[in-house]
Every structure is written in structure tokens, then in C-alpha cells.
Amino acid sequence: MSGRIRIALDARRAVRRMTGIGRYVLHLARYLPGLGPEFRFDLLVDRPLPSDMLPEGCRQVVLGRYVGDGTPAARFYSPFWLNICVPRYLAQEGVALFHGTNFVIPLRTECKVVATLHDLAFIRIPHAYGPLYKRYMKMQVKMSLNRADAVITGSVAAKKDLIDILKADPSRITVIYHGVGEEFKERGAHDERYLKDVRSRLELPHRYILYVGVIEAKKNIPSLLRGGGEVIRSGLSDAVVLAGRDGLGAGAIRRFTKEIGLAERVRFLGYVPQELLPGLYALAQVVVFPSLYEGFGMPVLESMASGVPAIVSGFSSLPEVGGDAAIVLKVADGEEIAEALRRLLSDNALYEELRSRGLARAKQFSWKESAAKHIAVYRRVLG
């Protein structure tokens, strides 16, 4: 093992409540050791990963001490961890390459650096973020573009934004699509006892329209609620179910459900544990992802892999991910969402066609292939 080239990944997102970036890191880490046998992979975290989550062939390294999210100390701790703890470790251990998996990289390192820049939502949707966060992210992304030896992004749309908005050099940016976990299956492929348990634990209605993601302003959730409310009142569905942690603007979204008289028909599940997520998808009638901006849009892929048709906004990367297997909206307002839902839920032939197309399209997105392309970037950077 001592003769292997050392690569370190920022894996902090994997020990938070799991979201898309956390799943990106963990799925990569599961495949990287087998595809890059000349490398040794260190997962850098600020608190330990549960033992059953540590991918085989990777070593976790706990640096610093986790101080919690959303606290005043957290604002200062993350830059300290990134610019003091990480470079010290990289130098002491002779690490050859550091991969910043979530936008940020250290100000200075002695090793090569790769940065994954997921999107420019803080620029594209400025009203959805606070002023300090926007300034911090713009500074970090510009630094990553200038300092990283290579940049990875998850979609052609995100690469185009980096070029058009921040004047990035196209030759230094590699588009690598995410994959979809094997745990997402058609309803019939799941154990019925598991599905029954998911429905019971989450108290799910019999028929529901599903949204998965952070409850925040940029996700365009009020339009989904307007459209979903019309469809519920017409008798085609029972409820809208929203699964995800609260983000900026979540309070206003909750109040909006009361303003439009839909409070009894909207379920806010909060963060859903990873083990329940496949069942939540599989039991849904349809997944609606009306976001105003996404760097990739993992819920679209997960819904298609689950055999559940998806309705997505026509913005940023979402048409790129959904292709001809999803209903793509032009303006994604309440009226258009309602019309798309009515078409889908009242037309069995269309429903089955999209379900079949989605299953086929999801098979085109592989975490193993994604990891292989990351390995190719590492090898190129290291010469």
C-alpha cells in the first residue's frame, strides 16, 4: 500500500445528512479503488463515517473537530479546516492530489488539485441566497477555476455557465455525469414488506405527487403546490409530498400552503433517511422537479430508475438529464404543472410510455462509469 500514489477527497458531505453531493462522494469512493489500483484513497472528514458506510479500499482520515452546521462557529471552522487542517495533512503524508468534491479547495497546497464545481445557482438565482453566502461562493468558485489543475462538473449546462458567466477556460473543464444507485428500483422489484414499512413509517397517502430536494426558494415549490392543488381537487391524486430538509425560504413555502388552502393535502416529511428513499420514490404516482436551476438534478434520475415518470422544468441541466423520458416544462408555472399532471395521470398509455423510457434512460447513467472518468482526470493531472 505504501507504494501507491496518494489521493485525498473532501468527504465531509458524506457524514452530514445525505444529500446529492454526499451521495456523489460515497458512490465515487465505492468504485475508485477498483478502477485505480495504482492509487490509495483517503476520505478526509471532520467526524467519523459510520463503519458500515466506509467504502472498501478507502481509508477515512478525521481532521479537526466538527462544530455543527448553522452555528456561528461553523462559518469560521470550515475555512480553518480547509486551509489549515487539510494542507498540513496533505504535506505531512505526501499526498499527490487533492479532490475538492464540493466547490472549495485550499488556498495553497503542494500537491495537484481537482475541483468539482456543481453549479452557479448563487449567481443564476441570486434571490435564493443571502449576500454573505453569495460573496463567499463567488470568491471560492473563482479561486477553484484559477487554481485547480482540472475542473469537473456534472452537466454540459453547468460547464456552459462557467464559461459564459465566469469566463472559464473550456479546455480545463470535464463534464462527468452522475450515476444512479442500484437501490432505486421499480416498485415490483422491492420487497412488499419493505414498501409497506416505508408507507407506514412516513405515513404516506395512497396516491401522491412527490418532490425530493431541499425546501428552498430556487426549487420553485409554490408553482408545484399550485399545480398539484388543482389536480388534487380534480380527484386525480390525494396529496403533494415534499421530502427534504428546510433551506432558505422554507418558512414562506409552508405559509403558502395555508394561503392556498392546501395545508391538509401537503406533507412535509423533512429529511428522509437514505434507507427509506427508494421506497418513497417507488410508491409515488409521479415525481415533479420544477427547480429554476440545477447543476444536475439527481431526483430526476432516481425517479426514472424507480419506474416513476418525471415532470421537470426546462431550465439549466434538467432537460439534459431527463431527455425524452420526462415531460419537460417550458415555464414551469402552476398552470403548466397542473396541465402536465392531468395529462400524465389520466392517460395510461402516456404514463406507461414515460415509465418505460425512464427505466431505459436511467440505465445510461452509471456510477462505475462516472468513477472511471474521474480516474482518467486524476491520471491526466498527475501525468
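The following exercises, each with a worked solution, concern a predicted model.

Residues are numbered from 1 along each chain as its sequence is written, side-chain values use heavy atoms, and hydrogens and water are left out. In this predicted model, local features need pLDDT of at least 70 and side-chain atom pairs count only at pLDDT 80 or more, while totals for chains, interfaces and linings use all residues.

**Exercise 1. The open sheet**

Determine the order of the seven strands in the open sheet and the sense of their pairing.

Solution. 
- Step 1. Helices (H or I, at least four residues) and strands (E, at least two) are taken as DSSP runs, numbered from the N terminus. Two strands pair if DSSP finds at least two bridges between them.
- Step 2. Under these criteria, the seven strands run in the order β3-β2-β1-β4-β5-β6-β7, with parallel pairing. The edges are formed by β3 (58-62) and β7 (173-175), each of which pairs on one side only.
- Step 3. From one strand to the next, the twist averages 25°. For angles, axes are lines fitted to C-alpha atoms, for helices over the stretch in contact, and values run from 0 to 180 degrees between N-to-C directions.
- Step 4. Between β1 and β2 (residues 39-45) there are six bridges in the parallel sense, and Ile5 stands opposite Phe39 in β2.
- Step 5. Helix α14 (residues 367-382) packs on this sheet and touches β1, β2, β4 (97-100), β5 (112-116), β6 (150-153) and β7. A contact here means heavy atoms within 4.5 Å. The direction of α14 makes about 105° with that of β2.

**Exercise 2. Salt bridges and burial**

Characterise the salt bridges of Glu93 with Arg6, Asp10 with Arg12, and Glu302 with Arg23.

Solution. 
- Step 1. Side chains of opposite charge can pair when their charged atoms come close. The criterion is a side-chain nitrogen of Lys or Arg within 4 Å of a carboxyl oxygen of Asp or Glu, and the structure holds 20 such salt bridges.
- Step 2. Glu93 and Arg6 meet at 3.4 Å, N to O. This pair links distant parts of the chain, with Glu93 in helix α2 (residues 72-93) and Arg6 in strand β1 (residues 5-10), 87 residues apart.
- Step 3. Burial is classed by relative accessible area: buried under 20%, exposed over 50%, partly exposed in between (1.4 Å probe, protein chains only). Glu93, at 34%, is therefore partly exposed, whereas Arg6, at 10%, is buried.
- Step 4. Arg6 and Glu93 also belong to a network of salt bridges that links them with Arg40, Asp42 and Arg59.
- Step 5. Asp10 and Arg12 meet at 2.9 Å, N to O. Asp10 is buried at 2%, and Arg12 is buried at 10%.
- Step 6. In the bridge between Glu302 and Arg23, the closest N and O atoms are 2.7 Å apart. Glu302 lies in helix α10 and Arg23 in helix α1 (residues 20-35), 279 residues apart. Glu302 counts as buried at 2%, as does Arg23 at 8%.

**Exercise 3. The two sides of α6**

Which residues of helix α6 (residues 192-202) are buried, and which on the other side are exposed?

Solution. 
- Step 1. Leu195, Val198 and Leu202 are buried in α6.
- Step 2. Viewed down the axis of α6, its buried residues fall within an arc of 60°, so they line one face of the helix. The arc is that of the directions from the helix axis to the C-beta atoms.
- Step 3. Glu192, Arg193, Lys196 and Ser200 are exposed on the other side of α6.
- Step 4. The cover over the buried residues of α6 includes β10 and α9 (277-282).

**Exercise 4. The surroundings of Ser291**

Is Ser291 buried or exposed, and which residues does Ser291 touch?

Solution. 
- Step 1. Ser291 is found in the loop between β11 (286-289) and α10 (298-305).
- Step 2. With a relative accessible area of 0%, Ser291 is buried.
- Step 3. Not counting residues up to four places away in sequence, Ser291 touches Lys218, Lys219, Asn220, Ser313, Phe315 and Leu318.
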